[in-house]
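Biologist: I am new to this structure and would like to be guided through it. Could we look at it together?

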Amino acid sequence: MILVENLWKKFGRFDALRGLSFEVPDGSAFALIGANGAGKTTTIKVLMNILEPTRGSATLLGVDSRKVSPRELAQIGYVSENQDMPSRLTVGEYVAYLRPFYSTWDRGLEASIARQLRLPLERKIGDLSHGMRMKMALMCALPYRPKLLILDEPFSGLDPLVRDEFMEGLLDQAGEMTILISSHELGEIDGVATHVAFLDEGKLLFQESMSDLTGRFREVRVTLESEAASPKQTPKEWMEIRTIGNVLTFVDTQFDENGLSERVHSQIAGVRGIESQPMALRNIFTTLARAARDGGA
Amino acid sequence: MVWHIFKKDWKLAWVFVLVVSVVHWIDSAITYKLGLFNEDPMLEMLADAVPMLAFFASMFLIGAIVHLDSIPGVRQDWLVRPISRRDLVVEKFVFVVLMVNGPIFAAVLVQGLAHKFSFRLSLVAAMWQAAYFLFAFTLPLFSFASVTRNMTQAFILGCGCTFIILGFQTIASYLNERAHGTLLTIAWSGVGWVGETTRFALSVAAAIIILSLQYFRRKTLISRGVVVLFGLVLLATQFIPWKAAFAIEQKLSPKPGAATNVVVAFDLGLGKFRSPSGLGVSSEQGRRYNPGEHTSVYLPLQVAGTHKNAFLLTDLVEVRLIVPGGKVAFHGRGERLEFAEAALNNLAYQEIQVPASVYRDIKDQPVRAEVDYSLTLFGLRQSYSVPALGGDERMPGFGWCETKMNETETAVELRCMQPGKGPTCATLFLENEANGLRNPPRSSCHGDYSPYSGWYFGDNMAHFGANVPFRDPSALAKFPVDGPQLPQSRVVIRVYEPEDHFTRQVEIPQIKLKDWEAQ
């Protein structure tokens, strides 16, 4: 659905994107994660042909992003935290304005989304709160059943209640559509994303399916017979190795339940017990981000 | 989808459109109420202010319309909608033309009809005005607005452009002054329309390039470069050489060859210029404002070979004074001359204002004078007449005129109005119908050969007239038709239209300037 290859984007002397490559499979919910300024929004703007790449290519729906035309835009839903809509029109007027541009617009679906999101159709867009505006943007992106839905920081600044309403609205209509969602907070896309890519300073750290990612990351706690000392040599897939008393902890990034004991014993002497537990997405993100900064990952 | 986007813009901008339209209509109402004699001081003051208000309001309206779906920026919702760029630019253009030019068109048309001009004349005037406004104002501003995101940005960029224009104009004026007026020759002349039309053509070209770049490729930085580049080229059109512009005008002469027999020659026989009579107002003013900076030299000229009922106007007089050795000591402009019927085949003095320092250096030397004349021969097209007192006539093919006595009771005030650009040249005199006596004619020429009419604001009506004297307050002159005869008299207006544009060169092999200085 989306293929990004060696994408570069410069703003003056600043490289916002530095050779970014990733692929969004059809039907996936792909999360683009990264801290503020990592290049998520720039990537999305390039995909939407709002910005032109400096180098490299981005293809969506089989079309080069530079050539995205109304034909492709009619199949893409776009929701952004920074979307300028005509503030003097009412919600209803703007929806009515958008309707004819989409041949697949479903008025029944529109009404049902409006109801579900509890949108005041008669209120002027300029008078809506940030949360309401985000819900309205979602409402304007779903009734034509887009093949691809792009959400740029959709949860930014939303209170938990509105966020839940937004997510319900989104998930109810997701169906077969491919979703690309950017966020600086991995926890926000927990339960939504099927795939994830980490961006840092315009570079991709990695891209992986969510099940693989959560499956291969474990926090391992090794209890030793005596006071623990950091092993001199450890496998590169072990990260954040720490010792407290006779306990040594690390994050195993290539977790294999059957082989863990053997690997620990081959690296560390005097092992009394080994425990492993799954990690929250937020902690995985932190580990990876820290490792990226330290030149690992 | 053009109509669909149009409806959205109307919903968003109708109040602003209405306000600007009302300002234009108020402007028209004021001009209408002023009538021919502009006698209400309050209305006259408003007539100065409201057009400027309408001008700036239209400017803001164009910006506001374009900014409803602005091009620069990355946040606009329309960028992610399946909206055809072609539909968008067409809609914006149509909306701007209808909402900005439409009310102006309507105002001029209604005003023409209110003045009881025919529908055809009023319509033609309204169409020219709308077309002029489109090319001179709407299109350039539309292009400019498309390279800005919002009104603040437009204002800042506009201020920058104004600063560049003022700087350019200051430099241009300085250079022109140093070149004694020979650099900026076509502005405010009869062929000024050549420069203006060039600017329109450049504006259209710039608009096509900028709007294509913006709406189809969203290349704002390049477009801004194009704005600046075309802006400088537009400013540079002031420097279009006179010869090139006048050559175009010559090609467009209505009766080419009509001036073949016209001869302009230096005539020693008339002797030195001695009397202030015939001295042009402009030269008197020039001396008043620049005492000691210039010395006026008057060369006697004879014009011959014109047909009866002709009128001759110098469009540009370019003078070169060449000292022995071939060096050009002075290259500048001479005063413009008018030769009305009565003056033709007679003598006139060509005034040349020589800078005092140059004059001091060469006044005793024999110099060669070369005077290049660009001239227009006018033929009488039609005569009209209006009663000298209380006249109120609508003359088909001419316009509407009224007459009244002036406050000092020395002249008859004639004021006329005509849809379009009005007559180029006319002579006026008082004639007693009963005894056939006539006063000497007065000429009034504005030498505009533009094939079209229009201005940035106003009603696209030519407002013109003159005061026709019948009594000299100093009692030195006696007019054949005087005050008591006015009830039986009419103001005769003889309208002249250009027949041929031509050039002549007068060479005076050897003269000493001090011999021709005014006494």
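Biologist: To begin with chain A, what share of the contacts with a separation of 6 or more comes from residues 24 or more positions apart?

Modeller: Such residues account for 70% of those contacts in chain A. Two residues are in contact here if their C-beta atoms, placed from the backbone, lie within 7 Å. Please note that this is a predicted model, in which local features need pLDDT of at least 70 and side-chain atom pairs count only at pLDDT 80 or more, while totals for chains, interfaces and linings use all residues. Residues are numbered from 1 along each chain as its sequence is written, with chains lettered from A and ligands numbered from 1 in the order in which they are written.

Biologist: How many helices and strands are there in chain A?

Modeller: Chain A has 9 helices and 14 strands. Both are DSSP runs numbered from the N terminus: helices are H or I with at least four residues, strands are E with at least two. The C-alpha trace of chain A spans about 70 × 40 × 30 Å along its principal axes.

Biologist: And what percentage of chain A is buried?

Modeller: Of the 297 residues in chain A, 38% are buried. A residue is buried if 20 or more other C-beta atoms lie within 10 Å of its own, exposed if 12 or fewer, and partly exposed in between, with C-beta atoms placed from the backbone.

Biologist: Which strands make up the open sheet of 4 strands in chain A?

Modeller: The order is β12-β13-β11-β14, and the pairing is antiparallel. Two strands pair if DSSP finds at least two bridges between them. At the edges stand β12 (238–244) and β14 (271–278) of chain A; each has a single partner strand, so one side of each is left without a neighbour in the sheet. On average, neighbouring strands of this sheet are turned by 15° against each other, direction ignored.

Biologist: How many bridges hold β13(A) to β12(A)?

Modeller: There are 5 bridges between β12(A) and β13(A), which covers residues 247–252. W238(A) has D252(A) as its bridge partner, and I244(A) stands opposite V247(A). The hairpin of these two strands has 2 residues between them, and G245(A) takes a positive phi near 60° there. Towards β11(A), β13(A) is joined by 6 bridges, and T223(A) has V247(A) as its bridge partner.

Biologist: Which helix lies across β11 and β14 of chain A?

Modeller: That is helix α8 (residues 257–267) of chain A, which runs at about 135° to β14(A). Such angles run from 0 to 180 degrees between N-to-C directions; axes are lines fitted to C-alpha atoms, for helices over the stretch in contact.

Biologist: You mentioned a positive phi. Where is R118(A), and is that residue buried or exposed?

Modeller: R118(A) is in the loop between α4 (107–117) and α5 (130–139) of chain A. Its phi is about 55°, although R118(A) is not a glycine. R118(A) is exposed, with 10 other C-beta atoms within 10 Å. E153(A), also a residue other than glycine, has a positive phi near 45°. E153(A) lies in the loop between β7 (148–152) and α6 (160–174) of chain A and counts as buried, with 23 C-beta neighbours inside 10 Å.

Biologist: Turning to chain B, at what angle do α3(B) and α4(B) cross?

Modeller: The axes of α3 (residues 85–114) and α4 (residues 119–146) of chain B cross at roughly 150° and come within 8 Å. The residues of their contact divide into 18 nonpolar, 5 polar and no charged. Here Ala, Val, Leu, Ile, Met, Phe, Trp, Tyr, Cys and Pro count as nonpolar, Asp, Glu, Lys and Arg as charged, and the others, Gly among them, as polar.

Biologist: Which residues have the most contacts inside the largest nonpolar core?

Modeller: They are I62(B), F142(B) and V491(B), in a core of 121 residues. A nonpolar core is a set of buried Ala, Val, Leu, Ile, Met, Phe, Trp, Tyr and Cys residues joined through C-beta atoms within 7 Å. The largest share of this core, 13 residues, comes from α4(B). Another core, of 85 residues, lies apart from it, with F30(A) and I113(A) among its members.

Biologist: Finally, how many residues does each chain give to the contact between chains A and B?

Modeller: Chain B gives 15 residues and chain A gives 21 residues. The side of chain B that touches chain A has 7 nonpolar, 3 polar and 5 charged residues.
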